Amino acid sequence: MSSDLIRRARYRGLTPTVAIIGGGASGALTAIQLLRNATSPLKIVIIEPRANLGGGIAYSTEVAGHLLNVPAGQMSAFADEPDHFLRWLRKNSDRNYGPQSFASRSLYGDYLADTLYDCEGEASRLASIDHYRTRATRVEVQDETVRITLRNDIAIVADRLVLALGHQASANRLEQYGVPTVPAWSKNALANLDPQASVLLVGTGLTAVDTALALDEQGHRGPIYAISRHGKWPQV
């Protein structure tokens, strides 16, 4: 589709349309259920800057040690197929996963992406997905429709809107003191780090645990300090 045609694309009046802002786990699962339960023509528009759908912040990590905190036997995308994720793992991994195994979060992101792809193929005669790799800048409710303006001035008019925004990056409270910091979830957070360097973790929650695991995985041997107001790690 040319940029001019895209700029004029409204969807409204062609096929009932559901727009989803956010293509992480919640957005992908919403689209999966819409596709799976479609009984009449439906257009799904997903607005997500990332190329891959289903990952979001939680499941885009590339660190193998970042695991799900729920066993594989309880992570199916479908309530009526509780072993769906487990079957996918056994088909797509060399490891012998069981219902009580804890798979990596990156694998779960791949699972959601594959499931979304499969559901779109199965529903191709009724429903389809358009993925806009940009951000929404404005939402307006107009009568019985919703108008979503995107960063590149494309305007989409949909019948329904789902907000699957996820978690936003935390504010850097140390900037006011001139302390250079890098968000823990950025891809370059631990890049080019001296293996013997000291690391300070501000906070002792799950993100601190993930960071320590990532440091260990890349062979870090320097001291790791962690501070928090309560001084406690997450309970097992």
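Trainee: Why does R105 count as buried?

Mentor: Set the value against the cut-offs: buried means under 20% relative accessible area, exposed over 50% and partly exposed in between (1.4 Å probe, protein chains only). R105 has 11% relative accessibility, so it counts as buried. Bear in mind that this is a predicted model, where local features need pLDDT of at least 70, side-chain atom pairs count only at pLDDT 80 or more, and totals for chains, interfaces and linings use all residues. Residues are numbered from 1 along each chain as its sequence is written, and side-chain values use heavy atoms, with hydrogens and water left out.

Trainee: What makes D210 and R105 a salt bridge?

Mentor: The rule asks for a side-chain nitrogen of Lys or Arg within 4 Å of a carboxyl oxygen of Asp or Glu. In D210 and R105 the closest N and O atoms are 2.7 Å apart, and the pair is a salt bridge. D210 sits in helix α5 (residues 206–217) and R105 in helix α4, 105 residues apart, and the pair links these distant parts of the chain. Helices here are DSSP runs (H or I, at least four residues), as are strands (E, at least two), and both are numbered from the N terminus.

Trainee: And is D210 buried or exposed?

Mentor: D210 has a relative accessible area of 10%, so it is buried.

Trainee: How many salt bridges are there by this rule?

Mentor: The count comes to 8. One of them joins E81 and R36, with the closest N and O atoms 2.5 Å apart. E81 lies in the loop between β2 and α3 while R36 lies in helix α2, so this bridge ties together parts that are 45 residues apart in sequence. R36, D80, E81, D83 and R87 are linked in a network of salt bridges.

Trainee: Why is E81 called partly exposed?

Mentor: Its relative accessible area is 23%, so E81 falls in the partly exposed range. R36, at 33%, counts as partly exposed too.

Trainee: What about K43 and D130, how do you know that they form a salt bridge?

Mentor: Their side chains meet at 3.6 Å, N to O. K43 is in strand β2 and D130 in strand β3, so this pair ties together parts that are 87 residues apart in sequence. K43, at 17%, counts as buried, whereas D130, at 22%, is partly exposed.

Trainee: Let's turn to the rings. Why is the pair of F85 and Y111 called tilted?

Mentor: Rings of Phe, Tyr and Trp (its six-membered ring) pair if their centres lie within 6.5 Å; planes under 30 degrees apart are stacked, over 60 edge-to-face, and the rest tilted. By this rule there are 6 aromatic pairs. For F85 and Y111 the centres are 4.8 Å apart and the planes are at 55°, so the pair is tilted. F85 lies in helix α3 and Y111 in helix α4, so the pair ties together parts that are 26 residues apart in sequence.

Trainee: Then what makes the pair of W88 and Y111 edge-to-face?

Mentor: The angle of the planes is 65°, with the ring centres 5.7 Å apart, so the pair is edge-to-face. W88 in helix α3 and Y111 in helix α4 are 23 residues apart, and both are buried. Ring pairs link Y59, F85, W88, Y108 and Y111 into a cluster.

Trainee: Which residues have the most contacts inside the largest nonpolar core?

Mentor: They are L35, I44, F85, L89 and Y108, in a core of 33 residues. Such a core is a set of buried Ala, Val, Leu, Ile, Met, Phe, Trp, Tyr and Cys residues joined through side-chain atoms within 4.5 Å. Helix α4 gives the largest share of this core, 6 residues. Apart from it lies another core, of 11 residues, among them V146, I148, I154 and I156.
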